[in-house]
Amino acid sequence: MHSAKTSDNKLPVRQPVEPAALLVKIHDLFANQWLLLTAGDFATGQFNTMTIAWGSIGTMWNKPFVQVVVRPQRHTRKFMDDFDTFTLCAFRPAHRSALQLLGAKSGRDGNKIAAAGLTPVAAAVVAAPVFAEADLAIECRKSYWQDMNPAGFVNAAIAANYPGQDYHRIYFGEIAAIRATSAYQ
Ligand SMILES: Cc1cc2nc3c(=O)[nH]c(=O)nc-3n(C[C@H](O)[C@H](O)[C@H](O)COP(=O)(O)O)c2cc1C
């Protein structure tokens with residue numbers, strides 16, 4: 001037990017991974033493991049992060065893409081709209097409580113990243129930061145957004161996700177770089 005905790009506390013070593021070589025259990029990654037979506041500019045300290053469980057990774061316009069959805073009331077939304085890049089980070093189970101906190105508190109109300117005990121660091125190629133503690137860091141360049149239109153809810157049950165009509169803004173980000181531990185390739 002003690003040795004497991006010691007190894008959990010070590011920072012992961014991330015190597016470049018080609019998008020075509022990325023190995024993930026995609027629905028498990030989003031729905032069960034969760035990710036941090038971080039947008040803004042590390043150099044100027046203007047950035048925010050939040051936990052996400054909805055989104056996808058795939059191909060659009062012949063390029064490797066990430067797609068995420070952000071409700072209007074999130075503080076992160078302003079950074080997604082005002083800045084050109086964002087990142088997605090995945091973590092070991094040891095960091096679950098940090099993801100819970102970052103998905104419950106708003107960056108509008110204080111430094112929740114420090115409270116969560118995570119360390120923002122410069123990404124490899126984009127301005128938005130990644131986290132030193134992440135096992136997987138996907139760096140994206142925002143290329144398209146669109147607000148969800150309830151007229152398109154073919155399955156009417158989807159509307160139950162929006163009792164306040166706070167429809168998500170959908171963002172597509174072209175994958176510019178991936179850095180991950182060996183488990184992801
Ligand atoms: C497991 C989990 C998944 C979440 N997924 C999303 C999501 O995909 N999109 C979204 O807009 N909010 C999502 N949230 C809510 C935000 O993470 C939460 O409102 C957060 O406090 C927003 O922080 P911010 O105001 O600093 O941006 C999720 C929360 C949790 C706990």
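Strands E2 and E3 pair in the antiparallel sense over seven bridges, where two strands pair if DSSP finds at least two bridges between them. Helices (H or I, at least four residues) and strands (E, at least two) are DSSP runs, numbered from the N terminus. The model is a predicted one, in which local features need pLDDT of at least 70 and side-chain atom pairs count only at pLDDT 80 or more, while totals for chains, interfaces and linings use all residues. Residues are numbered from 1 along each chain as its sequence is written.

E2 and E3 form a hairpin with four residues between them. In the turn, Gly-45 has a positive phi of about 75 degrees. Strand E2 (residues 35–41) also pairs with strand E6 (residues 85–90), again in the antiparallel sense, over four bridges. Leu-36 has bridge partners on both sides: Thr-51 in E3 and Cys-89 in E6. Six of the seven residues of E2 are buried, a residue being buried if 20 or more other C-beta atoms lie within 10 Å of its own, exposed if 12 or fewer, and partly exposed in between, with C-beta atoms placed from the backbone.

Ala-39 lies in strand E2 and counts as buried because 31 C-beta neighbours fall inside 10 Å. Beyond residues up to four places away in sequence, Ala-39 touches Phe-47, Asn-48, Thr-76, Phe-79, Met-80, Phe-83, Phe-86 and Ala-128; residues are in contact if their C-beta atoms, placed from the backbone, lie within 7 Å. Ala-39 and Thr-87 are 48 residues apart in sequence, with a C-alpha to C-alpha distance of 6.5 Å.

The largest nonpolar core has 41 residues, a nonpolar core being a set of buried Ala, Val, Leu, Ile, Met, Phe, Trp, Tyr and Cys residues joined through C-beta atoms within 7 Å. Leu-35, Leu-37, Cys-89, Ala-134, Leu-136 and Ala-137 touch the most other members of this core. In soluble globular proteins, nonpolar side chains tend to be buried together.

There are 19 residues around the ligand, of which His-75, Thr-76, Gly-103, Ser-106 and Gly-107 come nearest; a residue is near a molecule if its C-beta atom, placed from the backbone, lies within 6 Å of it. Strand E3 (46–52), strand E5 (63–70) and helix H3 (75–82) each supply at least two residues of this shell, and E3 gives the most, with four. By type, the shell comprises eight nonpolar, seven polar and four charged residues. Here Ala, Val, Leu, Ile, Met, Phe, Trp, Tyr, Cys and Pro count as nonpolar, Asp, Glu, Lys and Arg as charged, and the others, Gly among them, as polar.

Asp-82 is placed in helix H3 and is exposed, with 11 other C-beta atoms within 10 Å. Asp-82 and Ala-53 are 29 residues apart in sequence and 22 Å apart in space, C-alpha to C-alpha.

The chain as a whole has five helices and 10 strands. Its radius of gyration is 16 Å, close to the 16 Å that the globule rule gives for 185 residues, so the chain is as compact as a globular protein of that length. The radius is taken over C-alpha atoms, and the rule is 2.2 Å times the number of residues to the power 0.38. Along its principal axes the C-alpha trace spans about 55 × 40 × 35 Å. Buried residues account for 32% of the 185 residues. Of the contacts between residues at least 6 apart in sequence, 72% join residues at least 24 apart.

Methods:
Contact = placed C-beta atoms within 7 Å.
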